[in-house]
Structures are given as C-alpha cells and as structure tokens.
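My plan is to look things up one at a time and write down what I find.

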Amino acid sequence: MLSRSAFTLWRMIHAVAMYVVVGLALWMIFVYVPSEKGQGLVQRIFYFHVSSTFTMSLAGLVAFVASIIYLWKKAPRWDNIAMSAVEIGTLFCALVLITGSIWARPIWGVWWTWDPPLTLTLVLWLIYVAYLMLRANVQDDTKRARFAAVLAIVGGVDIFLIYLSIRMWRTLHPKPIVIQEGGTTGLPPSMFWTLMVCFVAFLLLFFYLLRERVFLAQSRHDLEIIRQEIDDTLKG
Amino acid sequence: MHKDLNSFTALMSSSKIFIQQVLALLAKDLKTEWRTREIFTSMFVFAVLVVVVFNFAIGADPQVIRKVVSGVVWVALVFAMILGLQRAIQCESEEDCLHGVLLALHDRSALFVAKVIANVLYMLLVAVCVLFLFSIWFGIDLTSCFFALWIVLVLGILGFSFVGTLFSLIVLHTRTREIMLPLLFLPISVPLIIASVYATASLIEGKSLTDITDYLTLMGVFDVVFLVLGLLVFDFVVEE
C-alpha cells in the first residue's frame with residue numbers, strides 16, 4: 001500500500017496526464033484530422049465510438065479478473081474494483097450504443113440493425129445492468145460482494161458463448177443492409193494517429209475514473225467503520 | 001500402495017454419500033411436489049396461457065404459426081421455468097428450510113445437483129404437455145421429428161436449469177426476487193435461447209439432426225460449461 005502523500009502525488013500525475021491527453025485527442029478529432037470523403041463530418045464520431053468499445057471491453061475484463069481474485073482472497077478491495085469497473089463499463093457500453101446509432105443513421109440509413117457486434121454490445125449492456133441491479137438489491141455486504149463476483153465470472157465466461165451464438169444466428173439470416181468492412185490497417189496516417197491518441201486518452205480516462213471510484217468506495221467503507229465505532233463507544 | 005487404496009476407498013465412500021444425499025434431496029422435493037402439485041400446475045397453466053396469448057397476438061394463419069411456433073414454445077417454456085424456480089425457492093426460504101438442508105449436507109453441491117434434476121423433470125413434463133397441445137391446436141405434425149426434438153429439449157432444458165438453479169439461489173437473498181431472477185437469467189441464457197429456438201424451428205421445417213449439429217454443439221458446450229461453473233461457484237452462493 002502506498003503512503004498517503006505518494007498516493008496523492010501519483011493521483012495528481014495521473015489526472016494531469018489524463019487531462020492533457022484527452023485535450024490533445026479532442027483537438028485532433030475536431031481540428032487536426034480531415035473528414036473522411038465518403039461519410040463526411042459524422043465519421044469523426046468513430047474515434048469516440050471505437051475507443052469506447054475498447055474501454056467497455058477492458059472494464060469487463062477488469063471486473064472478471066477482480067471478481068475471481070475476490071472469491072479467492074476475500075478482500076473487499078477487489079470487490080470495490082470489480083464494482084467500479086462494471087459501473088464505468090456500463091457507461092461506456094451505453095456510449096458505444098449511442099454513438100453507434102448516431103453514426104449508423106446517416107451511413108446505413110437505420111438507427112439499429114441486429115448485426116452481431118451490435119447485438120453483442122446490447123446483451124453485454126444488459127448483463128452490466130443486471131450486475132448493478134443485483135448489487136442494489138442485496139443488503140448484506142459480504143453476500144452482495146459474493147453474488148456480484150459470481151455473476152461477473154458467469155457473465156465473463158458466457159460472453160464468448162453469446163458471441164458464438166449470435167454469429168450463428170445472424171449467418172442464417174439475410175443482412176438488412178450491406179455493411180462496409182472497415183479495417184484500421186487501411187487508415188491514412190493522420191486518422192491512424194488520431195485513433196491511437198484517442199485510445200490512450202480513453203485508457204487514461206478509464207483508469208482515472210476507476211481509481212476515483214475505488215477510492216470513493218473505500219472511503220465509504222472506512223466511514224461506515226468509523227460510524228460503527230462511534231456508535232459502539234456511545235453505547236458502551 | 002496402501003495409502004492409494006485408502007484414499008480411493010475414501011473417495012468412493014464420499015461419492016456414495018454424495019449420490020445418497022442427492023437422491024434424498026430429490027426425493028424430498030418430488031414428494032413435496034407430489035403432495036402439493038403446486039410447481040408443476042402453475043408452470044403448466046402459465047405455459048398454456050402464454051401459448052394462447054401468442055395465438056391471439058399473431059393470428060391463426062397456419063403459415064405464420066409454422067414460422068413462429070418454436071419461438072413461442074421456448075418463450076412459454078422459459079417463462080414457465082422462471083415461475084417454477086421462483087415457487088421452488090419460495091418453499092425453501094419458508095421456515096428457513098434451506099439453512100437446515102445446508103447444515104445436513106456433506107458436500108453442498110449435492111443441493112445444486114438435486115435442484116437441477118428436479119427442475120429438469122418438471123420442465124420435461126411441461127414441455128411434453130405443451131408440445132402435445134401445440135400439435136393439436138395448430139395442426140403441426142411432430143411425430144416425424146419426435147426423437148430429434150427430444151434431444152433438443154433435453155439439451156436446452158438442462159442448460160436452462162443449470163443457469164436458473166444457480167441464479168434462483170442467488171435471488172433468494174435479494175429484496176425483489178420476482179424481478180431479479182429474469183433480469184439475471186435471461187441475458188445469460190441468450191446462447192441457449194438462440195440455439196434451442198432455431199434448432200427446434202429447423203426440425204419442424206423437416207430438417208434432420210445432421211443439419212443442426214452447430215446448434216447442438218453450442219447447446220452441449222453451454223451445458224458442460226455451466227455445469228462445471230455451477231459446481232465451482234455454488235459454494236460461494238450458499239455460503240453463510
């Protein structure tokens with residue numbers, strides 16, 4: 001465990017780095033990078049969209065690993081990390097769905113299609129929400145942590161099966177519209193670098209939010225203990 | 001050598017105890033069910049109601065019905081199962097029954113296995129009744145694919161039972177069980193819903209088992225994964 005001052009310093013550095021890189025990313029997206037010729041202005045949302053997808057998956061992975069460690073070590077810290085990761089994951093998952101819809105409307109002509117990646121993201125969002133609702137509905141602290149960890153592990157394993165099944169389901173159905181296959185390899189350098197900076201910005205943002213959220217959960221926990229102690233002293 | 005033999009006999013006797021306890025728990029559940037007939041009746045009537053309501057919603061056009069029949073059957077079965085699981089845990093939570101059962105168990109996974117078997121039995125019974133009614137009401141011939149349909153039913157119901165039983169014991173400790181069970185259960189069982197609906201649809205269209213190997217494999221993998229996962233995490237679910 002870091003000492004308090006080292007922790008604050010590290011937190012400051014992280015925050016400053018995050019703000020700088022996020023600022024740079026915003027500048028690159030809105031000023032530096034040219035619009036794509038075919039799609040026009042709306043294509044710029046793609047930088048937010050792809051980076052959010054990345055963060056959303058990372059959040060799931062963090063929650064999955066932290067939950068396994070929680071069940072193994074039983075330290076509340078890991079439960080806090082898993083819970084914070086899912087909260088942030090839910091947010092970015094929602095962003096992926098919203099930015100995707102905004103982009104799809106002018107480009108594909110529809111707000112939504114039941115395409116495998118879209119369907120998978122939606123199911124993932126539902127699992128994230130179920131996780132948060134489960135937490136809100138269990139009163140006992142240790143039980144809440146244990147059940148949430150079980151759900152995160154089950155969901156983490158299940159997501160691969162969900163992906164397989166959705167792909168199987170879609171291949172048997174005609175696609176409503178033709179979807180252009182866009183790979184990052186074909187990107188011109190300016191777009192590629194903007195995307196890379198966006199990735200780093202979102203990564204820093206994710207870990208910043210995670211750190212703050214875990215810190216908040218930890219403080220709440222400490223506060224609860226102090227309250228308990230005061231109650232006990234007053235009674236005794 | 002002697003030590004190996006000892007540990008082998010210990011393993012044998014512990015697995016014997018395990019099977020005995022599973023059978024005892026199963027007998028208890030089935031006996032209660034036989035006396036009250038509460039779970040089966042509510043599941044069956046509910047499934048029939050879902051089918052009837054769907055019939056009004058989609059109209060009685062035979063061609064449309066043929067297209068959506070497998071979806072309707074599985075929706076009815078899955079909803080009925082959620083209802084049945086809720087009833088089953090309700091019985092366990094009354095008078096703190098679950099606590100007593102857990103205290104008596106040598107290995108707690110026995111409870112998981114027994115609950116899954118009981119649930120599979122109820123579900124198979126409901127499925128047979130619903131399919132029978134379906135074939136009569138909508139004039140769909142199921143005899144040609146009877147055997148293949150059984151395989152799909154068993155694989156699907158097994159998977160749903162693993163997931164459902166695990167989550168039903170989790171929601172036992174939540175404030176709003178009735179809402180939480182479907183919220184947890186449905187997104188996790190997406191692969192199974194897709195596979196069982198489309199496998200059943202293919203069979204009704206007259207395809208053979210070899211045409212649906214993909215779906216059967218997926219269901220098999222799902223079942224194995226969730227059996228193993230269920231047994232692994234079950235202790236954490238029922239731990240006090």
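## Helix pairs in chain B

I started with two helices of chain B, α5(B) and α9(B), and I found them oblique to each other. I kept in mind that this is a predicted model.

I looked up the numbers behind that word. Helix α5 covers residues 109–137 of chain B, and helix α9 covers residues 213–238 of chain B. Their axes come within 9 Å and cross at roughly 140°. Angles over 145 would count as roughly antiparallel, so a crossing at roughly 140° is classed as oblique. I also noted the hand of the crossing of α5(B) and α9(B), which is right-handed.

Which residues make the contact of α5(B) and α9(B)? From α5(B) I listed B:S109, B:L111, B:F112 and B:V113. From α9(B) I listed B:L227, B:G230, B:L231 and B:F234. I sorted the residues of this contact by class and got 6 nonpolar, 2 polar and no charged.

Next I took helix α7 (residues 177–188) and helix α8 (residues 190–204) of chain B. Their axes come within 4 Å and cross at roughly 60°. Perpendicular starts at 65 degrees, and α7(B) and α8(B) are therefore oblique to each other. I wrote down who meets whom. B:L186, B:P187 and B:I188 are on the α7(B) side, and B:V190, B:P191 and B:I193 are on the α8(B) side. By class, this contact of α7(B) with α8(B) has 6 nonpolar, no polar and no charged residues.

## Chain A overall

I turned to chain A and counted its elements. I found 6 helices and 0 strands. Along the sequence the pattern reads α-α-α-α-α-α.

I checked the extent of the chain. The C-alpha trace of chain A spans about 75 × 45 × 25 Å along its principal axes. Chain A has 236 residues, and 42% of them count as buried.

I then asked what share of the contacts in chain A with a separation of 6 or more joins residues 24 or more positions apart. The share is 75%.

## A helix pair in chain A

I picked helix α2 (residues 45–73) and helix α4 (residues 116–137) of chain A. The axes come within 12 Å and cross at roughly 45°. That makes α2(A) oblique to α4(A). The crossing of α2(A) and α4(A) is left-handed.

I listed the contact residues too. A:M56, A:A59 and A:G60 come from α2(A), and A:T121, A:L124 and A:Y128 come from α4(A). The contact of α2(A) with α4(A) holds 4 nonpolar, 2 polar and no charged residues.

## Nonpolar cores

How many residues does the largest nonpolar core have? I read 131. The residues with the most contacts inside this core are B:F167, B:L184 and B:F226.

I followed B:L184. Not counting residues up to four places away in sequence, B:L184 touches A:A130, A:L134 and A:L151 in chain A, and B:F167, B:I170 and B:V171 in chain B.

## Single residues

I looked at A:S190 and placed it in helix α6 (residues 189–235) of chain A. Is A:S190 buried or exposed? Its relative accessibility is 17%. Buried means under 20%, so A:S190 counts as buried. Leaving aside neighbours within four places in sequence, A:S190 is in contact with A:Y32, A:V33 and A:P34.

I went on to B:H106, which sits in the loop between α4 (97–104) and α5 of chain B. B:H106 counts as exposed, at 54% relative accessibility. With neighbours within four places in sequence left aside, its contacts are B:S14, B:I17 and B:Q21. B:H106 and B:S14 are 92 residues apart in sequence, and 8.4 Å apart in space, C-alpha to C-alpha.

My last entry is B:W34, in helix α1 (residues 2–36) of chain B. B:W34 is exposed, with a relative accessible area of 62%. I also looked up B:W34 and B:F146, which are 112 residues apart along the chain. Their C-alpha atoms are separated by 28 Å.

Notes:
Residues numbered from 1 in each chain as written. Chains lettered and ligands numbered in written order. Predicted model: local features only at pLDDT ≥ 70, side-chain atom pairs only at ≥ 80, totals over all residues. Heavy atoms only, no water. Axes fitted to C-alpha atoms, helices over the stretch in contact; angles between N-to-C directions. Parallel < 35°, antiparallel > 145°, perpendicular 65-115°, else oblique. Left-handed = near helix turned anticlockwise from the far one by under 90°. Contact = heavy atoms within 4.5 Å. Nonpolar A, V, L, I, M, F, W, Y, C, P; charged D, E, K, R; others polar. Core = buried A, V, L, I, M, F, W, Y, C linked by side-chain atoms within 4.5 Å. Buried < 20%, exposed > 50% of the residue type's maximum accessible area, 1.4 Å probe, protein only.
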